[in-house]
Amino acid sequence: MKLSFSTNGWNLPIDRLIDLCAENRIDALEIHDVNASAFSDEDVFGKSNLSALKKRLYEKGIKISCFDAVGNVADIENAENNRKEIENLIDVCAALGSKFIRVRATGEYSDELVDKMQAFIEPVIVKAKSAGVTILLESMGMFADTGRLASFLNRFASDSFGALW
């Protein structure tokens with residue numbers, strides 16, 4: 001069985017996290033917030049550092065199973081910042097050979113908001129598809145209801161957009 005753990009709640013530098021995985025025979029990391037203080041000092045996920053990180057992960061036999069976007073895709077007022085975050089994560093995934101990005105939608109469910117979310121997510125899915133990355137919408141918040149989640153996913157019919165249960 002392959003194991004991974006999330007960096008959510010951990011404030012350790014990436015090298016220490018990689019070493020912990022290797023020491024404990026954990027196969028992968030789920031990176032929560034690439035802008036976390038533990039990562040920002042060294043700009044670990046900056047474009048100029050991704051090759052070195054990829055090499056370090058390869059040498060230790062560790063993968064990054066998923067990156068978590070911390071923005072709320074239902075927060076349309078901050079859509080531009082959320083789009084930039086996800087598009088940056090797509091680039092990071094492509095550079096590191098990672099395949100998944102987790103997104104969340106919290107807030108009051110409404111058909112109008114869901115329509116706005118669709119307009120927001122469609123171009124992100126196009127970019128993800130071209131990079132070989134899948135965006136995973138977590139079944140929580142607005143989409144804790146499986147019927148709502150399935151209905152929203154069916155608007156796209158894309159293998160580059162799925163659910164994370």
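Biologist: Which residues of helix α3 are called buried?

Modeller: L50, L53 and L57. Buried means a relative accessible area under 20%; exposed means over 50%, and partly exposed is in between (1.4 Å probe, protein chains only).

Biologist: What puts these residues on the same side of α3?

Modeller: They cover an arc of only 60° around the axis, so they sit on the same side of α3. The arc is that of the directions from the helix axis to the C-beta atoms. An α-helix has 3.6 residues a turn, so residues three or four places apart point the same way.

Biologist: What kind of model is this, and how are residues numbered?

Modeller: It is a predicted model, with residues numbered from 1 along each chain as its sequence is written. Local features need pLDDT of at least 70 and side-chain atom pairs pLDDT 80 or more, while totals for chains, interfaces and linings use all residues; side-chain values use heavy atoms, without hydrogens and water.

Biologist: Which residues does the other face of α3 carry?

Modeller: The face turned away from the buried side carries the exposed S51, A52, K55, Y58 and E59. The buried residues of α3 pack against α1, β3 (63–72) and α4 (79–96). Packing rests on contact, which means heavy atoms within 4.5 Å.

Biologist: What makes a stretch a helix or a strand?

Modeller: Both are DSSP runs, numbered from the N terminus: helices are H or I with at least four residues, strands E with at least two. The protein chain has six helices and six strands. Their order from the N terminus is β-α-β-α-α-β-α-β-α-β-α-β.

Biologist: How do you know how compact the protein chain is?

Modeller: Its radius of gyration is 16 Å, close to the 15 Å from the globule rule for 165 residues, so it is as compact as a globular protein of that length. The radius is taken over C-alpha atoms, and the rule is 2.2 Å times the number of residues to the power 0.38. Buried residues make up 44% of the 165 residues.

Biologist: Which residues of α1 are buried, and how do you know where they lie around the axis?

Modeller: In α1 (residues 14–23), I14, L17, I18, L20 and C21 are buried. Seen down the axis they fall within an arc of 160°, so they line one face of the helix. They pack against β1 (4–6), β2 (28–32), α2 (37–40) and α3 (50–60).

Biologist: Why is V124 called buried?

Modeller: Its relative accessible area is 2%, and the cut-off is under 20%, so V124 counts as buried. V124 is in helix α5 (residues 111–131). Leaving out residues up to four places away in sequence, V124 touches R83, I86, I90 and I135. V124 and I90 are 34 residues apart in sequence and 8.9 Å apart in space, C-alpha to C-alpha.

Biologist: Why is D43 called partly exposed?

Modeller: D43 has 43% relative accessibility. That value falls between 20% and 50%, so D43 is partly exposed. D43 lies in the loop between α2 and α3.
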